[in-house]
Amino acid sequence: VKPRLPRGRQFFANPGPTNIPDSILQAVAHVTVDFNDPAFISVYDGCVAGLKRVLKTEQEVFLYTGSGHAAWEAALVNLFSPGDMLLVPETGYFSESWAKMAQDLGLRFRTIEADWRRGVDFGALRAALAADSGHEIKAICAVHNETATGMVLPLAELRAALDATGHPALLLADTISSLGSMDFRMDGWGVDIAVGGSQKGLMLPTGMSFTGVSAKAMEAHKTSTLPKSYFNWTNMLTRRHRSFVGTVPTSLFYGLRESIRLLEEEGLDEVFARHARLGEAVRRCVRHWSGNNGPTLFCLTPDRFSDSVTAVLMPEGHDADAVRRIALGTFNVSLGGGLGRLGGKVFRIGHLGDLNEPMILGTLASVEMALRLAGVPHAPGGVNAAIEYLAEAARA
Ligand code: PLP
């Protein structure tokens, strides 16, 4: 299939980074300001207050210049000491990566193994907590929304498992691909650390990440001995911004102010409902394609479907990256690839951030064309299933 010059708007259907609304692009294009100027400080303080409303927390938030990995690392080095034990419910590529980072930093971890298509069994998780009567496990590192598989890890259930066993472990939650697209309640779910990033549901450029930090986590920080400097919360608290030991990325804050304004103008519940609708449309389309031995939904647990990303499993013997190449080269639609052991086996459709029905329908139609051109078996007309669902949903 012949590639074409990209014309028209690219349909960016990667599960992060995401589309940046024009009003955020304009807000980010701000002249340089002194980050200690009172006018900027007031923008900054407003952003931190807004971020707390999005995280649904009244606790401390620390921000970092760096992508989500920076906030992952900040959480680990600020809380733990060499050799500390973490419990990691296996969700997929990102739970593995966070655990590997912990190991690189001198921590130990135990995994609650799980089938990536079905998700973690809470019975096994409760049993692991109950068996740890000496409380060797210092924390659970949980990826709320596994971006590699399109599956949610229900954090309220995780909190309930900790409470039921009376285990004192901290609950660390990665909200990188859920925050601002799917319901997340830091305080309501008793989350001690909420890790988030700028470039997904917040619709900002990549480059800033943050951690919500509970009072219990601040206590743990006081005795942590892992080496830390730039990320050290104690150092950050001495700064006017209570974050950023170095230069503050001011332009991202003008963007964040607009991001929070957009989210709150729509209303967080409406934002979540929109993503639920668009996610369901994608799933109905993929289910339709799966006829004729076509691609199928990777996630096999319907009550854990992610509303921000769908991983699509290719039929045996067909390469997901060939479909992605045609989608991008011929139709200018950018899809996510399979991560880790899912390389070539799945492609991912991101439906998070600034997105509406025409964007998702255009994406699905283009994927269907790419399937046809790549010679991948499928039942044609998946887009009609999405159209029917979205039209009825708009009537409601
Ligand atoms: N955690 C999750 C769930 C993610 O989806 C990602 C990135 O996609 C990361 C962590 C890593 O974040 P970053 O790429 O911003 O460093």
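This is a predicted model: local features need pLDDT of at least 70, side-chain atom pairs count only at pLDDT 80 or more; totals for chains, interfaces and linings use all residues.

Q: What makes strand S3 (residues 85-89) and S5 a pair?
A: Three bridges join S3 to S5, and the strands run parallel. Pairing requires at least two bridges, so S3 and S5 qualify as paired. One of the links is between leucine 86 and its bridge partner in S5, alanine 139.

Q: How do you know that S5 also pairs with strand S8 (residues 170-174)?
A: Five bridges join S5 to S8, again in parallel. Because at least two bridges are needed, S5 and S8 pair. Alanine 139 stands opposite leucine 170 in S8.

Q: Why is S5 called mostly covered?
A: Seven of its seven residues are buried.

Q: Why is serine 133 called exposed?
A: Serine 133 has 9 other C-beta atoms within 10 Å. The cut-off for exposed is 12 or fewer, so serine 133 is classed as exposed. Serine 133 lies in the loop between helix H5 (122-131) and strand S5 (137-143).

Q: What makes leucine 172 a contact of alanine 142?
A: Contact requires C-beta atoms within 7 Å, and Leu172 is among the residues in contact with alanine 142, so their C-beta atoms lie within that distance. Pro89 and Asp174 are also among the contacts of alanine 142. Ala142 and Leu172, with Ile193, have the most contacts inside the largest nonpolar core, which has 119 residues. This core draws at least three residues from each of domain 1 (22-264) and domain 2 (267-395).

Definitions and conventions
Residues are numbered from 1 along each chain as its sequence is written. A nonpolar core is a set of buried Ala, Val, Leu, Ile, Met, Phe, Trp, Tyr and Cys residues joined through C-beta atoms within 7 Å. A residue is buried if 20 or more other C-beta atoms lie within 10 Å of its own, exposed if 12 or fewer, and partly exposed in between; C-beta atoms are placed from the backbone. Domain bounds come from an automatic or database domain assignment. Two residues are in contact if their C-beta atoms, placed from the backbone, lie within 7 Å. Helices (H or I, at least four residues) and strands (E, at least two) are DSSP runs, numbered from the N terminus. Lists of a residue's contacts leave out its neighbours within four places in sequence.
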